[in-house]
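Here are my notes on the model you asked about. They run from the whole chain down to single residues.

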Amino acid sequence: MMATDRCHKSIGGMHSTVGGYSLHSIFFPNPRQEQRWRAAPRRCSAASAAAPQNPPPAPEAPRRRISSSWDPPRYHHHPQAFPFSVRELACSGLVSPQVAASVLDTLLVASGSPDSAFQVSAIVTQPPAAKNRGRKLMPSAVAQLALDRGFPEDLIFTPERAGEEAFLSDLKEVRPEICITAAYGNILPRRFLDIPQGGTVNIHPSLLPLYRGAAPVQRALQEGVSETGVSLAYTVRALDAGPVIACERFAVDEYIKATELLAILFNIGSKLLLHELPSILDGSAKEKAQPQDDSKSTHAPKLNSDESWLSFDQEAKVLHNKVRAFAGWPGTRAKLQLLSQIRGPDVLEIKVISTKVCTSCDKTGDENEVLFSGSSLLIPCSQSTWLEVLELQLPGKKVMTARDFWNGLRGQKLLKSP
């Protein structure tokens, strides 16, 4: 069973910067901004446009926009709102953009409450990317959610890098009091961190100082941990090394995959953030935040596709943990040898989707022979252990069960590839 438990460390928890690829930044202006937001120009109706007005100011340089063809409905700011912006950068597949969107969704819902002390004012996300066969430019999941919610398009920033002068200039105009980041695995530039007066707080899916870096969830599962969690911490120049505000623990079972665990931890992290926001806004969080013990820190480097190959000279449990950790991207691959009486031996490359460790295998056969039992392929591994493959995928094919794959072999012998 999986369970959560709020952890307290004289402050109430732990945190750091995020390890992934979508950055969420929350900007809260101080109370002195109230009049500025009241006076901020808004798109008006034809009737109001006919009323006497002062001469219009000189046109500003155009902001980077998501798409010149989109014209979503306007999102009006509450006069005492705290602007918030979410950003998603350097997405290379380790963290799903949908995870970032879920954080934004939680904050948008909370900010819409009549008694909310903050409201989202700007969103920063990765630029539109070419997708699907037509290679049409499409917004990120974060941007699409914001547009679907009627968020003003000109307040969705899409810089290539967080250090871009134009982006930083736009951010300064928002005059944030606080910035919240999530799922961002790179170090933010000092010029960015200097903008929010109340600092930058990050949602990081690990119990800091453990698993600092771009892939904390994946590396934790790869190592077979039985417990992990999510942390809130102030962002500093060193990666995920800032003082921890709060954390919440989560028990990990032996079958959960990285894609599932990421969604769970960011859901927990979003709620933890809402719980801690009052102290973050009034500054008391800085007083209770605890410095991390650098001597206990571990690193969680980003994944790469070269790591995706399974080597059956390792124990089955090591391989099972890797399959769970690498689920989604880059996935896990293996090479098997198909013995055909007509064509001779062929190398068969498969993508391994779901596995478990065989705890009571009494099969006998060639030490390299892949067997089938029940509903699983049984692959012999190191130390006389067996890896059960439940689901797999052939190149260019859909995911299939091990039984369907085995039936398709039509009696041909299958071996581990040397």
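Predicted model: local features only at pLDDT ≥ 70, side-chain atom pairs only at ≥ 80, totals over all residues.

**Notes on the model**

Glu 307 is partly exposed, with a relative accessible area of 21%.

1. Glu 307 forms a salt bridge with Arg 219, and their closest N and O atoms are 3.0 Å apart. The pair links distant parts of the chain, 88 residues apart. Glu 307 sits in the loop between helix 9 (284–288) and helix 10 (316–325), while Arg 219 belongs to helix 7. Arg 219 is buried, at 9% relative accessible area. The cut-off for buried is under 20%, so Glu 307, at 21%, counts as partly exposed.

2. **Other salt bridges.** How many salt bridges does the structure hold? There are seven. Side chains of opposite charge can pair when their charged atoms come close. One of the seven joins Glu 276 and Lys 288, at 2.8 Å from N to O. This pair also links distant parts of the chain: Glu 276 is in helix 8 and Lys 288 in helix 9, twelve residues apart. Glu 276 counts as buried, at 6% relative accessibility. Lys 288 counts as partly exposed, at 25%.

3. **Arg 190 and Asp 194.** These two residues form a salt bridge as well, with the closest N and O atoms 3.6 Å apart. Asp 194 is exposed, at 52%.

4. **Overall architecture.** The protein chain has eleven helices and 16 strands. It has 418 residues, and 50% of them count as buried. Take the contacts with a separation of 6 or more: residues 24 or more positions apart account for 74% of them. The accessible surface of the chain is about 20100 Å². Carbon and sulfur atoms own 51% of that surface.

5. **Largest nonpolar core.** This core has 36 residues. Those with the most contacts inside it are Ile 203, Leu 221, Ile 245, Leu 261, Phe 266, Leu 273 and Ile 280. Which elements give two or more residues to the core? The helices are helix 3 (97–111), helix 7 (216–222) and helix 8 (258–282). The strands are strand 6 (179–182), strand 7 (200–204), strand 8 (227–234) and strand 9 (244–251). Helix 8 supplies the largest share, ten residues.

6. **Second core.** A separate nonpolar core has 25 residues. Among them are Leu 319, Phe 372, Leu 394 and Met 400.

7. **Helix 11.** An α-helix has 3.6 residues a turn, so residues three or four places apart point the same way.

8. **Arg 410.** Helix 11 is followed by Arg 410. Its phi is positive, about 55°, although Arg 410 is not a glycine. Arg 410 lies in the loop between helix 11 and strand 16 (413–416). It is exposed, with a relative accessible area of 76%.

9. **Arg 175.** This residue, also not a glycine, has a positive phi near 55°. Arg 175 is in the loop between helix 5 (165–174) and strand 6. At 42% relative accessibility, Arg 175 counts as partly exposed. Most residues other than glycine have a negative phi, and most peptide bonds are trans. Please look at both arginines in the viewer.

10. **Cis peptide bonds.** Where are the cis bonds to proline? Leu 208 and Pro 209 are joined by one, with omega about 15°. Pro 209 is in the loop between strand 7 and helix 7. The bond from Trp 329 to Pro 330 is cis too, with omega near 0°. Pro 330 lies in the loop between helix 10 and strand 10 (332–340).

Conventions
Residues numbered from 1 in each chain as written. Heavy atoms only, no water. Helix = DSSP H or I, 4+ residues; strand = E, 2+ residues; numbered from the N terminus. Buried < 20%, exposed > 50% of the residue type's maximum accessible area, 1.4 Å probe, protein only. Contact = heavy atoms within 4.5 Å. Areas by Shrake-Rupley, 256 points an atom, 1.4 Å probe, with all protein chains shown as cover. Core = buried A, V, L, I, M, F, W, Y, C linked by side-chain atoms within 4.5 Å. Salt bridge = Lys/Arg side-chain N within 4 Å of Asp/Glu carboxyl O.
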